[in-house]
Amino acid sequence: MTKPSLPELLHAAVTAVGGTERPGQAAMAGAVAEAVDDNSHLLVQAGTGTGKSLGYLVPALAHGERVVVATATLALQRQLVERDLPRTVDALHPLLRRRPQFAMLKGRSNYLCLHRLHEGVPQEEEEGLFDQFEAAAPSSKLGQDLLRLRDWSDETESGDRDDLTPGVSDRAWAQVSVSSRECLGAGKCAYGAECFAELARERAKLADVVVTNHALLAIDAIEGAPVLPQHEVLIVDEAHELVSRVTGVATGELTPGQVNRAVRRAAKLVNEKAADALQTASEGFERVMELALPGRLEEVPEDLGYALLALRDAARTVISALGSTRDKSVQDEDAVRKQALASVETIHGVAERITQGSEYDVVWYERHDRFGASLRVAPLSVSGLLREKLFTERSVVLTSATLKLGGDFNGVGASLGLAPEGTAGDDFPQWKGLDVGSPFDYPKQGILYVARHLATPGRDSSRTDMLDELAELVEAAGGRTLGLFSSMRAAQAAAEELRGRLDKPILLQGEETLGELIKNFAADPETCLFGTLSLWQGVDVPGTSCQLVVMDRIPFPRPDDPLMSARQKAVEEAGGNGFMAVAATHAALLMAQGAGRLVRATGDKGVVAVLDPRLANARYGSYLRASLPDFWYTTDRNQARRSLAAIDAAAKADGR
C-alpha cells in the first residue's frame, strides 16, 4: 500500500473536525513536514482562522516520531486534547494504519495529591500534620471547596485541577497539592501507586503526542532534570508568549513572609542552634525589607548583602541538619521534612544567586499594597538559554498569529536566541520564517483608526479628551466594544466615566470571572467589556458583539519596569537600539494580539481604534502599524464614526 500524501491526510483531518481547507493551512503543513524531515527549525505566522492546529498536528502525526506540543493557554490545551487530537487521530488511523496515542502533561502542582488529601497538610505552628477538612468550617467557602475536592477525588480519573468544574480557590487547591520539591516521591509515598501526577507521566511516556504548557517546557530546559519524555519534534504554539513564560520560571523571589514560613517549618526538625541561626537571619532580612524602595538594584546594597549572606549560610546549615535529625514526636515526618526542605532550599538558592551577583541577572525590589516588599531576581535575557536548550537535538516549530513584527521575523527570532534569518555558521541554529497569511480580507473587514488629534498621553494625565473620544466611538458603535487598557486604573476610570455618560452596560475585568465576563459580553450586543492585558489575547468573540476594539494607548513597558529597562540598557550598551529591540517589540506584540480580537470569522466587520496619536505621528509608528493586520487605515474621526454607525445599523437590520 502506498504511503498517503500530506494533502490526503490534511483533507481527512479537516473533514473530521468539520473545518474548511485553506491554502495557508496547506502551506503551513508542507513547511512543517519539511522542517521535521530535515531536522531544521521553522517560525510560522498563521493568522486567525487559518486552522494552524491541524497545520502542525497532521504532518507531526504523519512523521511518526514522538512530538511535544507546548501551548501558553489552558483553552488551547483543552481544544487540542478534547477536540482536535481525538478527531484527527480517528481520521488518520485508516490512512496511516496505526493509531497515534496522545496525552496531556502538566507540572506536579496541577494534580491532586492523595497523600495531602488523606494524611493532611504539614502544620507550621504545631508538630506533624493537621486535617484540613476538620480545620475548615464546613459552612465557609474553604470548607465547601475542600469537601468538593474530597468527593471529586473518588470520581476523577486524571486528578487534574482543570478538569474540576466549577473550580476551587487557590487557597483550597494548595491544601491538596504539592510542588515537585515537596513531593515525597512515588517510592516513599503510601499513595505512590495511585498518584495522579505519576500516572500522567506514565501516559506521556507511552504517547506519540504529548501536550504540555510553556512553563513545564521551561522547567524541563532550565532545571536539567528531564520532566518531559524524550522527543524528536517540539512544536511551540502561541510562541509569542514563550519568552515571558520562560522568564517567569527563571525568576526567583524572596519575601519576609516566605522566609518566616520556612523558619517555622524547619524549627521542629533541626537542632536549636541551626533553628536559631535561621530565625536571626530571617529577622535581619525582614528589617532590611521594611526600608526597601521599589526599583532596580544595580549593585546589592551592603545591608542587604549582609542579610542575604546570613540567610544563605543559615539555610545551608538547616539543609544539612534536616538530613540527619529525626524527631519521633512528629507525625508523618517524611512529609513535614520534605515541605520544610523545599522551603529552605528555595531561600538558599535565591539568596546565593543574588549574592553571587551575575552580570546576566537583574535584581530589584517590588512593593505590593497587600503583601509588602519582595526581592526579585530574573535573567537579563533568556535568549542564550533558549538557543542552547531548545534548538539542539530536535526539530523545533514555533507558531502564532503574531510572530512577524515590523515586517519580518528577526525581532522575535532574536528574543529566542536566533541569529537573523539566513545567517550561516555552526554556532547558529538554521531556521526559516514563513507567513501563511490569513483567510480574512482585512482591508475590507476592518478599519484601523488612529485618533491623531488627541493629546499625547502623559504618565499621570487624566486624558479627558481620550474619554470623550471613547464615549463618542462607543455611542456610534451601539455598544459592541472591547476596551483594552494599559493599566487597571485606566480601565476602571473609563468604566466609571462611561457608566455615568452612556446608557450601555459596561463590564469591568475583576468584577466577575473572566469566563463569565466574556460570556455576558458575547450574549448582548449593547454590552462593552473593559480590561487590561489578559483580555488582549484571551477574548474570542466572533460576530456582532465585538465590532469596536479600543486601545487607550500604545502599551510600552512602564519606564520604571526594572527588567525591561535593564534589557533596553543592555541592548544600547552593545550598540543596538534598545527602545526598538525591547519596548517597541513588546508593544508591537501586544497591539497585534489586541487588534486580532476584532476579526475572528469571515463575516466579522469593525474598527480597531487606537487613542494614542503617537501611532500616526512618531517615527516608530510605522513599525507598530506594520505589525498589525492589514486593515484599511485612517486618522479621520468622522470616517471612523460613520463606519461604526453603518456597521451597527447593518447588524441591527439582521436582528443582531
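Modeller: A salt bridge here is a side-chain nitrogen of Lys or Arg within 4 Å of a carboxyl oxygen of Asp or Glu. This is a predicted model, in which local features need pLDDT of at least 70 and side-chain atom pairs count only at pLDDT 80 or more, while totals for chains, interfaces and linings use all residues. Residues are numbered from 1 along each chain as its sequence is written, and side-chain values use heavy atoms, with hydrogens and water left out.

Biologist: Which side chain of opposite charge is nearest to Arg463?

Modeller: Lys and Arg count as positive and Asp and Glu as negative, with His and the chain ends not counted, and buried means under 20% relative accessible area, exposed over 50%, and partly exposed in between (1.4 Å probe, protein chains only). Arg463 is buried without any salt bridge, and the nearest side chain of opposite charge, Asp552, is 4.7 Å away.

Biologist: What does the side chain of Arg463 reach?

Modeller: A polar contact is a pair of N or O atoms within 3.5 Å; within protein, one must be able to donate a hydrogen and the other to accept it, and residues adjacent in sequence count only if both atoms are side-chain atoms. The side chain of Arg463 reaches the backbone oxygen of Leu611 at 2.5 Å.

Biologist: How many salt bridges does the rule give?

Modeller: The count comes to 35 salt bridges. In one of them, Arg376 joins Glu366, with the closest N and O atoms 3.5 Å apart. Helices (H or I, at least four residues) and strands (E, at least two) are DSSP runs, numbered from the N terminus. Arg376 lies in strand β11 (residues 372-379) and Glu366 in strand β10, so the pair ties together parts that are ten residues apart in sequence. Arg376 is partly exposed at 23% relative accessible area, and Glu366 is partly exposed at 33%.

Biologist: What is the order of strands in the open sheet?

Modeller: Strands of a sheet pair through backbone hydrogen bonds, either parallel or antiparallel; here two strands pair if DSSP finds at least two bridges between them. The open sheet of four strands runs β8-β11-β10-β9, with antiparallel pairing. Because β8 (252-254) and β9 (295-296) stand at the edges with a single partner strand each, one side of each is left without a neighbour in the sheet. β9 pairs with β10 over two bridges, and Gly295 stands opposite Tyr365 in β10.
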